[in-house]
Amino acid sequence: MSLLTELVDYVDLNQRSFFISAAAIAFNPTFWNIVARREHRTRFLTRLFGGNAQTACYALAATIFSLGIIRDFLYERALRDQPTHPALEQPLVKYAAYALLAVGNLFVISSTWRLGITGTFLGDYFGILMDGIVTGFPFNITNAPMYYGSTMSFLGSALLYGKPAGILLTLHVLVVYLIAIQFENPFTAAIYAQRDRERARAAGQTVESKKEL
Ligand SMILES: *[C@@H]1O[C@H](CO)[C@@H](O)[C@H](O)[C@H]1NC(C)=O
């Protein structure tokens, strides 16, 4: 029997909590992309917060953070309703689980530390741009430490509780994040490209006016 069918044999699809968890996992990036793109197009959140983009972005950050806590809660609840696989009860698996949780959290926390709140939570959609590309750790390991770190934490929890259903949900997390990256990266790149064009134009104008002097 292949590993995957072996795993799926230990997933109880009669548990509603499994599908609720899967839905929460897919909902969060969908929600923040819809809101952030709408903000970029219409500035509706900035206007809602009296024209203060910073405050608006912090409000979205708090919302996304809270949704993340709910999603984690629903994931843990789903795992509790699922059968445990004996092969996942070995000490080696637990050590791997702790390592994944440690590295995953390190990636998430250190990237938030590097980017700041607005850099982490879609500030560029609010017109709050970073000065330059962040290259230090953990961005010298992966360009999406937030997403891969979060995925590692999901896998770590699945292994810690010994739940094949958690491994399956982690694959779902990975797919959702890979789609989110495909969707977000070109948009962010376009925002920065526009900033660079405007800077170049402004610099050009400065050169022109110096020539006139
Ligand atoms: C990334 O940077 C950290 C320090 O900021 C360094 O210790 C580590 O070796 C670097 N990793 C790679 C793969 O360059």
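# Exercises on side-chain contacts

V8 sits in helix α1 (residues 3-9); helices here are DSSP runs of H or I, at least four residues, numbered from the N terminus. Before you start, note that this is a predicted model, where local features need pLDDT of at least 70 and side-chain atom pairs count only at pLDDT 80 or more, while totals for chains, interfaces and linings use all residues. Residues are numbered from 1 along each chain as its sequence is written, and side-chain values use heavy atoms, with hydrogens and water left out.

## Exercise 1: ring against ring

Find how many aromatic pairs the structure holds, then sort out two of them.

Step 1. The count is seven. Rings of Phe, Tyr and Trp (its six-membered ring) pair if their centres lie within 6.5 Å; planes under 30 degrees apart are stacked, over 60 edge-to-face, and the rest tilted.

Step 2. F18 is buried at 6% relative accessibility, whereas F19 is partly exposed at 44%.

Step 3. Now go to Y75 and F154, with centres 4.7 Å apart and planes at 65°, so they also pair edge-to-face. Y75 belongs to helix α4 (residues 53-80) and F154 to helix α6 (residues 145-161), so the pair ties together parts 79 residues apart in sequence. Y75 is buried at 3%, and F154 is buried too, at 4%.

Step 4. Finish with the cluster: W32, Y147 and Y177 form one aromatic cluster.

## Exercise 2: a charge over a ring

Which ring does R37 lie over, and which one does R38 lie over?

Step 1. The test is NZ of Lys or CZ of Arg within 6 Å of the ring centre and within 35 degrees of the ring normal.

Step 2. R37 sits over the face of F183, 3.8 Å from the ring centre.

Step 3. R38 sits over the face of F44, at 4.7 Å from the ring centre.

## Exercise 3: salt bridges

Step 1. Look for a side-chain nitrogen of Lys or Arg within 4 Å of a carboxyl oxygen of Asp or Glu.

Step 2. R43 bridges to E39, with the closest N and O atoms 3.5 Å apart. R43 is partly exposed at 29%, but E39 is buried at 0%.

Step 3. R71 meets D72 at 3.2 Å, N to O. Here R71 is buried at 11% and D72 is partly exposed at 34%.

Step 4. R195 meets D196 at 3.5 Å, N to O. R195 is buried at 15%, and D196 is partly exposed at 41%.

How values were computed. Buried means under 20% relative accessible area, exposed over 50%, partly exposed in between (1.4 Å probe, protein chains only). Helices (H or I, at least four residues) and strands (E, at least two) are DSSP runs, numbered from the N terminus.
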